[in-house]
Amino acid sequence: MAKIGRELLDRLSNEGVQGPFVTIMINTNVTPQGVEKDQLKIKNFMKEAKKRFDKRYPDQDWGPFQEKFDDLLNDRTFFRDATTSVAIILTAEETYIHRLSIRVDDQYYVGDTPYLLAIIKNAQFNYRYYLMALNRSSMSLYFMSNKKLSEVELPEDAPTDLETALGTELTGGDADFRSGLGYHSGNPKDEEVEIDWNNYYQAIDSFLRNEVENEEKVPLYLFALTENQTAFKKNAKYNYYDPSIAISRSPAQLSTQEIEEATGPITEELSKREIESYQKLMNRKSFEQVADIKQAAELGRVDQFFIATSNLQENFGEDPEAEYDWRQVLNTIARDVLRNSGDVFVLEQEDAPGEKSLYATLRY
């Protein structure tokens, strides 16, 4: 689960955060016309949420929620920084904004619990890792978080190129070492070229081990030609480098956006491994009926709770009120599982353990 999603879920499911909660989920736009539609959508949901709030909490003041909505509608940065969708969660005291990378059902929720299921789904298959774009004579480091790739700013003495890393220790003389092409000179020295190549990768490995902070043990994957992957693996001692996953192509001349777009195979492989691990849970003691799962969650007995998306009607189906209530039941169970240090997953049914619609593994 993505770290940012886990932290927000832990915070919102904690008993110290008091409701009632008003949650609005919308898909967002970046065009001027789209922003106007988003603003109108939020205003309409706000009106409907007030009606439900007044009916459910007649003794509580809507005023603080209205003020927060007004502040949000007047915040240009909120609409300028749009992602695929967004979760807006309000209490009388706090405003939580969580950007999502998935499509959601545009909807509002009012209740004792914030609506968490979309945030949970967004955190699925949402991996954090370092990605090193590696050529023979240069490297750059990136970090993937919430499905967005950003370049890591490195110090001036980082081994971003061959000369910075080795300086006068180069053995290849005045040979022109071009990324992905090798040395070109009137008198090539193949052995010296390979020495420089290995020394450079050793310098990179040393930098990773000694200079890159990684307390969370985030894995490192390579974006490099196969021959460069092989050479780096031979020299690598960095504990968090995982050679089993890589993008086998040259990153030379690619922008950050182009590199990000090429990382799909990494997500696919990590997702495949994660789904395979779920199937091993079928041997665990478990419940499949909602009443049993609900009781076990309240008692803190649920270790992992899987909800198939088949439980969630797209666009709320033919009976929006019934679907709303059903989602709130599942949402409350999810809150109880998280509150008791369990994990919750919202997956396509074919990815869930045994392709079950609902499945909860038990601690005891």
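On a 1 Å grid over the protein atoms alone, a cavity is a set of points where a 1.4 Å probe fits but cannot get out, and its lining residues have an atom within 4 Å of a point. Grid points are joined across faces, edges and corners, and a volume is the space filled by probe spheres set on the points. The structure is a predicted model, in which local features need pLDDT of at least 70 and side-chain atom pairs count only at pLDDT 80 or more, while totals for chains, interfaces and linings use all residues. Residues are numbered from 1 along each chain as its sequence is written, and side-chain values use heavy atoms, with hydrogens and water left out.

With a threshold of 30 Å³ or more, one cavity was counted. The largest cavity holds about 40 Å³ of space. Its lining consists of I26, T28, N29, V35, D38, I42, F78, F79, A82 and R99. Two or more lining residues come from each of α2 (32-56) and α4 (76-80), helices being DSSP runs of H or I of at least four residues and strands runs of E of at least two, numbered from the N terminus. Helix α2 gives the most to this lining, with three residues. By class, the lining has six nonpolar, two polar and two charged residues. In this scheme Ala, Val, Leu, Ile, Met, Phe, Trp, Tyr, Cys and Pro count as nonpolar, Asp, Glu, Lys and Arg as charged, and the others, Gly among them, as polar.

The expected span of a helix is 1.5 Å times one less than its number of residues. Helix α7 (residues 190-211) has 22 residues and spans 31 Å from its first C-alpha to its last, close to the expected 32 Å. Helix α12 (residues 320-339), with 20 residues, reaches 28 Å between its first and last C-alpha, close to the 28 Å expected. S341, with a positive phi near 65°, follows α12.

Burial was assigned from relative accessible area (buried under 20%, exposed over 50%, partly exposed in between; 1.4 Å probe, protein chains only). Buried residues of α7 include W197, Y200, Y201 and F207. In α12, the buried residues include the charged residues E323, R327, R335 and D336.

A salt bridge was taken as a side-chain nitrogen of Lys or Arg within 4 Å of a carboxyl oxygen of Asp or Glu. The whole structure contains 16 salt bridges. Within helix α2, K51 and E48 lie three residues apart, about one turn of the helix, and their side chains form a salt bridge at 3.4 Å, N to O. K51 is exposed at 55% relative accessibility, whereas E48 is partly exposed at 32%.

A salt bridge also joins D112 and R56, with the closest N and O atoms 3.9 Å apart. Because D112 lies in the loop between β4 (107-111) and α5 (117-123) and R56 in helix α2, the pair ties together parts that are 56 residues apart in sequence. R56 is partly exposed, at 44% relative accessibility.

In the salt bridge between E194 and K234, the closest N and O atoms are 3.9 Å apart. E194 belongs to helix α7 and K234 to helix α8 (residues 226-235), so this pair ties together parts that are 40 residues apart in sequence. E194 is partly exposed at 42% relative accessibility, and K234 is exposed at 56%. Salt bridges with shared partners also join D105, E323 and R327 into one network.

Key
1 Å grid on protein atoms, 1.4 Å probe; cavity = no way out; pocket = protein on both sides within 12 Å on 5 of 7 lines; lining within 4 Å.
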